[in-house]
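Hello,

Here is the structure I promised to pass on to you. Have a look at it first, and then read my notes below.

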Amino acid sequence: MKFKKILKYLLLLCLLIGLSLLYGFSLQRNTQKKIVDISVNFEAGDNNFLTHNMVNKLLIQNNETVKNKAKSILDLYSLENNILKNPYVEKAAVFYTVNGMLKTVVKQREPIARIVSKNSSYYIDKQGVKVPLSDVFSSRVLLISGVKKDEEIKEILPFIKVILKDDFFKKEIVGIHKSAENEFVFSVRSGDYKIDFGNLEDIVVKFKKLKAFYNTTYKNKTIQNYKTITVKYHNQVVCTK
């Protein structure tokens, strides 16, 4: 009985050793496999700032392409970090496929507004991250002036998102100027008039008043008679000609 027990343990030990050797052999063989090709995919959405060639260049290590290199000498973490250094990249994942492909999936940052001033101009994305202008593509987004500090960007970010969620205002409002008194004035697509929005209090109520005013003046075609439309006062819309 005791002999059978010992034999059972020995067989189990031999099995474990065999599996370990087989696993080690497979692992070593897999790491020595070479990268047969590189695949770059972009997540759904606009990808105007980045090209496949740009991402391929970011995958280069020690001035050499990763194609035909053994898996064992590639550092996927470093490759991902190198791609993430590009200011137009929001997320990146680099991994191997079973058929020897080095696959890269990239999500580009999506600008929602452009901050303009005398000294600088740049985009911001939905997280408020600054994105530099590009020589490849110019994005048609809201133009924001009068914003100078990062704290001000965080302050107006929810305000911009409210505009972009509304199909009408997303098309109609083309520019926003922030005054020294922390009040906001809109430039619009449909005419030369300005919209004096006031401060960032009661945003939803003000937009409702403004949309109701648009609905009325668009029908009777009187909106072009005004130079300024003011919605900052409580429960009223004030217009000047």
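Two strands count as paired if DSSP finds at least two bridges between them. Strands (E, at least two residues) and helices (H or I, at least four) are DSSP runs, numbered from the N terminus.

Before you go further, please keep in mind that this is a predicted model: local features need pLDDT of at least 70 and side-chain atom pairs count only at pLDDT 80 or more, while totals for chains, interfaces and linings use all residues. Residues are numbered from 1 along each chain as its sequence is written, and side-chain values use heavy atoms, with hydrogens and water left out.

β4 and β7 belong to an open sheet of nine strands with mixed pairing, in the order β6-β5-β4-β7-β8-β9-β10-β11-β12. The edges are β6 (130-132) and β12 (238-240); each has a single partner strand, so one side of each lacks a neighbour in the sheet. On average, neighbouring strands here are turned by 25 degrees against each other, direction ignored. Axes are lines fitted to C-alpha atoms, for helices over the stretch in contact, and angles between N-to-C directions run from 0 to 180 degrees.

Five bridges pair β8 with β9 in the antiparallel sense, and Gly175 has Ser187 in β9 as its bridge partner. Their hairpin has five residues between the strands, and Asn182 there takes a positive phi near 60 degrees. β9 also runs antiparallel to β10, with four bridges joining them, and Phe184 stands opposite Gly198 in β10.

Buried means under 20% relative accessible area, exposed means over 50%, and partly exposed lies in between (1.4 Å probe, protein chains only).

Helix α6 (residues 203-219) lies across β8 (173-178), β9 (184-188), β10 (194-198), β11 (228-230) and β12, at about 155 degrees to β10. Aromatic rings are worth a look too: the whole structure has 15 aromatic pairs. Rings of Phe, Tyr and Trp (its six-membered ring) pair if their centres lie within 6.5 Å; planes under 30 degrees apart are stacked, over 60 edge-to-face, and the rest tilted. Phe169 and Phe207 have ring centres 5.0 Å apart and planes at 50 degrees, so this pair is tilted. Phe169 is in helix α5 (residues 167-172) and Phe207 in helix α6, so the pair ties together parts 38 residues apart in sequence. Phe169 is buried at 3% relative accessible area, and Phe207 is buried at 7%. Ring pairs also link a cluster, with Phe159, Phe184 and Tyr214 among its members.

Finally, find Gln108 in strand β3 (residues 101-108). Gln108 is buried, with 6% relative accessibility. A polar atom of the Gln108 side chain lies 3.3 Å from the backbone nitrogen of Asn48, and one lies 3.3 Å from the backbone nitrogen of Leu50.

Enjoy exploring!

Notes:
Contact means heavy atoms within 4.5 Å. A polar contact is a pair of N or O atoms within 3.5 Å; within protein, one must be able to donate a hydrogen and the other to accept it, and residues adjacent in sequence count only if both atoms are side-chain atoms.
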